[in-house]
Amino acid sequence: MIAADAPPLLDAVGLGKRYGGLVAVESLDIRLDKGRVLGVIGPNGAGKSTLIGLLGGAISASAGRIHFDGHDITSLPASERARSGIGRTYQIPRPFLDMTVEENLAVAQFSLSPFIASGTAAAERREILDRCGLGDAAHVTARDLPLLRRKRLEVARALALKPKLLLLDEVGAGLIDSEVSELIALIQSLKDAERSIIIIEHVIRIVKECCEDLMVINFGKVLATGPTTAVLGSDEVAAIYLGTSHGAAARTSTSVAPRADVVSSIASTEPLLALDGVSAGYGQARVLHDLSLSVMQGQVVGLLGSNGAGKTTVAHVISRALPITAGRIRFDGEDITRLPAHAVATRGLAHCMEGRRIFSSLSVEENLLVAARHADAAERKARLAHVYALFPVLADRRNAPGTSMSGGQQQALAIGRALMARPRLVIFDEISLGLAPVMMDRLYAALAELKREGLTMLVVEQDIERALDLADVAHIINKGRITLSGPPAVLRADERLRHLYFGTEE
């Protein structure tokens with residue numbers, strides 16, 4: 001038992017991180033006692049990865065203090081924090097691939113205790129490997145491990161540092177249900193009275209079964225904290241995930257239809273874009289499973305789902321930035337499954353990527369002109385005029401560096417750059433990521449105008465209500481599969497929607 005008046009193991013106060021004009025974490029407090037397990041969840045872009053970087057030392061804080069085990073560690077680098085008792089894992093396992101499993105542990109072990117006796121070190125490694133279910137893989141090269149065992153190795157390497165605080169970053173990413181069950185059993189086995197654990201996770205089942213307490217963050221601030229069951233049952237938390245927290249009355253309605261002259265010009269009954277039985281992933285992580293969807297010319301299709309559901313992977317698959325392992329993709333009747341990304345772009349498919357990807361060395365106008373470099377001077381001028389009419393702030397800042405603007409203005413620039421290619425279809429991937437509601441309203445008003453002009457769009461979004469206001473039809477993706485589809489009114493009335501977002505579906 002821990003004394004009631006015992007100081008917390010971790011006490012972070014007023015924690016903040018800014019990247020220029022972007023606030024990633026703001027005035028965030030965390031207090032964690034010994035032996036407790038805290039979950040941290042939040043929408044995509046809420047600041048979860050920044051938070052774990054701040055605690056682990058990979059990211060330096062712009063504000064606030066961090067006290068750990070009675071010491072101020074705010075200015076300590078990651079290596080010193082590891083030696084003081086903070087171990088962490090990474091969402092994508094990072095073992096030394098050409099070393100054996102045991103050798104990977106030895107690296108962590110000797111970085112902590114370089115003069116440890118070889119016999120003692122070997123015994124400690126065996127105990128950790130057995131505990132993590134890797135006792136039979138000690139001499140297996142890390143490169144030959146499947147994904148779940150690599151994640152076990154990631155945990156084992158962190159345990160080799162003898163942590164008082166273990167930070168688990170998205171350990172469930174890319175795993176199927178049976179593998180998640182094994183991972184939950186491992187995490188539960190790590191609980192003891194002296195070690196605390198923080199789990200940053202989008203697989204809600206892991207949070208529900210492993211965490212006593214839960215913190216929800218949004219826009220870098222704490223939205224809710226308390227016992228896990230109570231927090232997950234909160235309507236306010238559900239509203240953040242479903243995009244209803246800002247309220248329908250506060251939004252600028254974007255429920256629009258294409259102009260009559262545009263509708264009359266759309267006569268094709270064949271889809272402009274069609275995915276048929278597509279499967280894909282990243283290395284060993286399986287993300288999409290037998291996924292099919294189509295987009296008709298002039299249609300706005302929403303692809304919606306919680307963080308980690310596979311939405312961005314779909315976007316990368318369509319633009320051919322990511323290869324597929326099964327299925328095929330057709331664009332305007334042509335099979336583009338094996339085409340490279342640049343060839344797909346020349347056929348009229350543009351991808352406004354998550355994260356904006358602004359060229360920092362170019363001005364606003366130069367960023368725009370990159371996408372129209374093959375057009376003649378008159379055409380480039382016409383395209384610029386169209387973008388500047390849609391986003392007047394870009395015209396005002398045309399000579400400023402592209403990354404000197406606010407986050408919302410940079411997102412407007414990313415949208416404008418996609419439009420400069422005069423595409424037949426644009427994938428808009430998480431354009432609301434990390435933006436204040438008023439700026440989201442402005443961007444979605446611009447998308448509404450593009451819909452009136454007849455632009456075909458696939459809107460990949462976590463904010464359900466904004467996307468449903470705009471879309472003609474929407475698909476809900478969960479665990480790499482489409483689980484609900486239909487017009488916005490049908491989806492809004494479906495009681496399964498909230499359960500899919502919170503992992504409580506049967």
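## Sheets and strands

Two strands count as paired if DSSP finds at least two bridges between them. Helices (H or I, at least four residues) and strands (E, at least two) are DSSP runs, numbered from the N terminus. The model is predicted: local features need pLDDT of at least 70 and side-chain atom pairs count only at pLDDT 80 or more, while totals for chains, interfaces and linings use all residues. Residues are numbered from 1 along each chain as its sequence is written, and side-chain values use heavy atoms, with hydrogens and water left out.

Four strands form an open sheet in the order E2-E1-E4-E5, with antiparallel pairing. Strand E2 (22-32) and strand E5 (71-72) are at the edges with a single partner strand each, so one side of each has no neighbour in the sheet. Strand E1 (residues 10-19) pairs with strand E4 (residues 63-68) in the antiparallel sense over five bridges; Ala12 has Ile66 as its bridge partner in E4.

## Strand E8

Buried here means under 20% relative accessible area, exposed over 50%, and partly exposed in between (1.4 Å probe, protein chains only). Five of the five residues of strand E8 (residues 196-200) are buried, so the strand is largely enclosed by the rest of the structure. Ser196, Ile198 and Ile200 point one way from E8, and Ile197 and Ile199 point the other way.

E8 pairs in the parallel sense with strand E3 (residues 37-41) over four bridges and with strand E7 (residues 165-169) over five bridges. Ile200 of E8 is the bridge partner of Val40 and also of Asp169.

Helix H1 (residues 48-56) has eight of its nine residues buried, among them Lys48, Thr50 and Leu51. Just after H1, Gly57 takes a positive phi of about 100°.

Asn104 lies in helix H3 (residues 101-112) and is buried, with a relative accessible area of 1%. Leaving aside neighbours within four places in sequence, Asn104 is in contact (heavy atoms within 4.5 Å) with Pro95, Phe96, Met99, Ala142, Leu153 and Arg157. The C-alpha atoms of Asn104 and Leu362, 258 residues apart along the chain, are separated by 43 Å.

## Nonpolar cores

A nonpolar core is a set of buried Ala, Val, Leu, Ile, Met, Phe, Trp, Tyr and Cys residues joined through side-chain atoms within 4.5 Å. The largest has 48 residues, and those with the most contacts inside it are Cys132, Leu134, Leu168, Ile187, Ile199 and Ile206. Helix H5 (residues 147-159) gives the largest share of this core, seven residues.

Apart from neighbours within four places in sequence, Ile187 is in contact with Leu168, Val171, Ile197, Ile199, Ile206 and Cys210. A second, separate core has 39 residues, including Ala414, Ile431, Leu455 and Leu470.

## Second largest pocket

A pocket is an open set of points on a 1 Å grid over the protein atoms alone, where a 1.4 Å probe fits, with protein on both sides within 12 Å along at least five of seven lines; lining residues have an atom within 4 Å of a point. The second largest pocket holds about 920 Å³ of space. Ala345, Leu349, Ala371, Arg373 and Ala421 are the closest to its centre among the 30 residues that line this pocket.

Helix H12 (341-346), strand E16 (349-352) and helix H16 (407-419) each supply at least two lining residues; H12 gives the largest share, five residues. By class, the lining has 17 nonpolar, six polar and seven charged residues, with Asp, Glu, Lys and Arg counted as charged, Ala, Val, Leu, Ile, Met, Phe, Trp, Tyr, Cys and Pro as nonpolar, and the others, Gly among them, as polar.

Conventions:
Grid points are joined across faces, edges and corners, and a volume is the space filled by probe spheres set on the points.
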